[in-house]
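My entries follow in the order I made them.

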Amino acid sequence: MNARPNVQLRPIAVRIALVVGTDPQIEQQLRSVLEPGVWGIQHAKDNNAALAMAHIKNFDLILTNEKTSGKEDVELLRKLRRIRPHTRLIILTAESAPRDVIDSMREHAFSYFCEPFLPGALAVMIQHAIQEPCWDDGIDVISATPEWIRIRARCDLQTADRVLQFLDEVAELPNPERGAVSMAFREMLINAIEHGGAFDPNHDVEISYLRARHMVTCRISDAGEGFTLDEIPHAAVANPTEDPLRHLEYRDAHGMRPGGFGVLVAQRLVDELVYNEQGNEVVLVKYLDLEPRSSDRTHLFPSNRASA
């Protein structure tokens with residue numbers, strides 16, 4: 001009897017990512033995240049080709065190309081939404097404006113990156129995109145101009161990262177203010193999601209971002225019971241001077257994740273950190289030392305701010 005042929009079975013890719021254009025670095029980022037054998041990668045030469053391919057088959061993830069503008073990619077997303085309502089699309093662009101970012105949020109882009117961006121940050125967002133089970137109801141725009149944005153966000157860490165990336169692209173703040181505001185905002189947002197929303201995706205937080213000429217404010221409101229700063233033994237801000245790490249023992253004893261430095265860190269990074277009476281709403285204020293605008297340029301909603 002003849003021996004059976006040695007047939008090696010290989011898993012068939014069941015999920016497909018579509019990349020617009022060819023960029024070796026983007027390809028490398030994708031392959032570092034996508035599991036071989038489970039994911040396949042296809043390419044489209046431009047946005048028109050990507051749309052034509054999406055008419056034929058569904059793609060689990062689409063990444064645009066830096067050679068197109070944010071405005072062009074948002075238009076692609078609008079068209080994709082008509083035929084594939086739940087398309088997960090990450091916009092990569094070298095040409096952007098705050099209104100493009102806002103439009104992408106309204107059209108439920110998964111994320112938005114304008115060059116230059118850190119490859120590691122993109123890799124993290126790709127990971128979120130392929131893991132998030134129900135993502136496109138995570139961020140809702142209540143109202144938005146480049147100077148004043150109000151959104152609702154679902155109480156989970158993946159949505160928090162998406163919010164931070166979108167607002168970082170909108171902000172256009174100078175350094176080092178940009179980094180300080182971003183870090184302080186992240187700490188307060190995570191606090192609201194964890195302690196106010198209990199990491200429950202059925203709950204949400206409301207976020208406002210306001211950019212004035214010489215300051216930026218961020219407001220975060222959750223539906224939790226709130227707290228007072230002198231009644232939070234799990235936080236570093238409540239530690240006595242003689243025992244600056246006491247809260248770590250409390251967190252360990254109560255099975256809480258490591259951390260507890262959020263409020264303390266935020267206080268050091270912004271100029272004002274103000275809670276409401278109940279303790280479930282916080283406002284961060286950062287003052288900007290910028291040159292005043294020229295007196296001959298007056299706009300109702302100016303898109304070119306002093307820091308641009």
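I started with the largest cavity, which holds about 120 Å³ of space. For this predicted model, local features need pLDDT of at least 70 and side-chain atom pairs count only at pLDDT 80 or more, while totals for chains, interfaces and linings use all residues. Residues are numbered from 1 along each chain as its sequence is written, and side-chain values use heavy atoms, with hydrogens and water left out.

My search of the whole structure found 1 cavity of 30 Å³ or more. The grid is 1 Å over the protein atoms alone; a cavity is a set of points where a 1.4 Å probe fits but cannot get out, a pocket is an open set with protein on both sides within 12 Å along at least five of seven lines, and lining residues have an atom within 4 Å of a point. Points are joined across faces, edges and corners, and a volume is the space filled by probe spheres set on the points.

I listed the lining of the largest cavity: Leu164, Leu167, Asp168, Ala171, Leu173, Arg178, Val181, Ser182, Phe185, Tyr209 and Cys218. Helix 6 (157–171) and helix 7 (177–196) each supply at least two of the lining residues. Helices (H or I, at least four residues) and strands (E, at least two) are DSSP runs, numbered from the N terminus. By class, I get 8 nonpolar, 1 polar and 2 charged residues in this lining. Here Ala, Val, Leu, Ile, Met, Phe, Trp, Tyr, Cys and Pro count as nonpolar, Asp, Glu, Lys and Arg as charged, and the others, Gly among them, as polar.

Next I took the largest pocket, with about 700 Å³ of space. It is lined by 23 residues, and Phe113, Gln165, Asp168, Glu169 and Arg178 are the closest to its centre. Strand 5 (111–114), helix 5, helix 6 and helix 7 each give two or more residues to the lining. Which element has the largest share of the lining? Helix 6 does, with 5 residues. The class count is 11 nonpolar, 5 polar and 7 charged residues. Asp168 and Arg178 also turn up in the lining of the largest cavity.

**Loop between helix 6 and helix 7.** I checked the backbone here. Glu172 is found in this loop. Glu172 has a positive phi of about 50° although it is not a glycine. Pro176 lies in the loop too. The peptide bond from Asn175 to Pro176 is cis, with omega near 5°.

**Loop between strand 5 and helix 5.** Pro116 lies here. I noted another cis bond, from Glu115 to Pro116, with omega near -5°.

**Helix 4 with helix 6.** I turned to packing. Helix 4 (residues 98–106) and helix 6 pack at about 155°, with axes 8 Å apart. Axes are lines fitted to C-alpha atoms, for helices over the stretch in contact, and angles run from 0 to 180 degrees between N-to-C directions. So helix 4 is roughly antiparallel to helix 6. Angles under 35 degrees count as roughly parallel, over 145 as roughly antiparallel, 65 to 115 as roughly perpendicular and the rest as oblique. Pro98, Val101, Ile102, Ser104 and Met105 of helix 4 meet Phe166, Glu169 and Val170 of helix 6; contact means heavy atoms within 4.5 Å. I count 6 nonpolar, 1 polar and 1 charged residues by class.

**Helix 1 with helix 5.** The axes of helix 1 (residues 24–33) and helix 5 (residues 119–131) come within 9 Å and cross at roughly 45°. That makes helix 1 oblique to helix 5. Ile26, Gln29, Leu30 and Val33 in helix 1 touch a set in helix 5 that includes Pro119, Leu122, Ile126 and Ile130. The contact has 8 nonpolar, 3 polar and no charged residues.

**Helix 2 with helix 3.** I ended with helix 2 (residues 47–56) and helix 3 (residues 70–83), at about 10° with axes 10 Å apart. Helix 2 is therefore roughly parallel to helix 3. Among the residues in contact are Leu51 and His55 of helix 2 and Asp73, Leu76 and Leu80 of helix 3. By class, I have 5 nonpolar, 2 polar and 3 charged residues.
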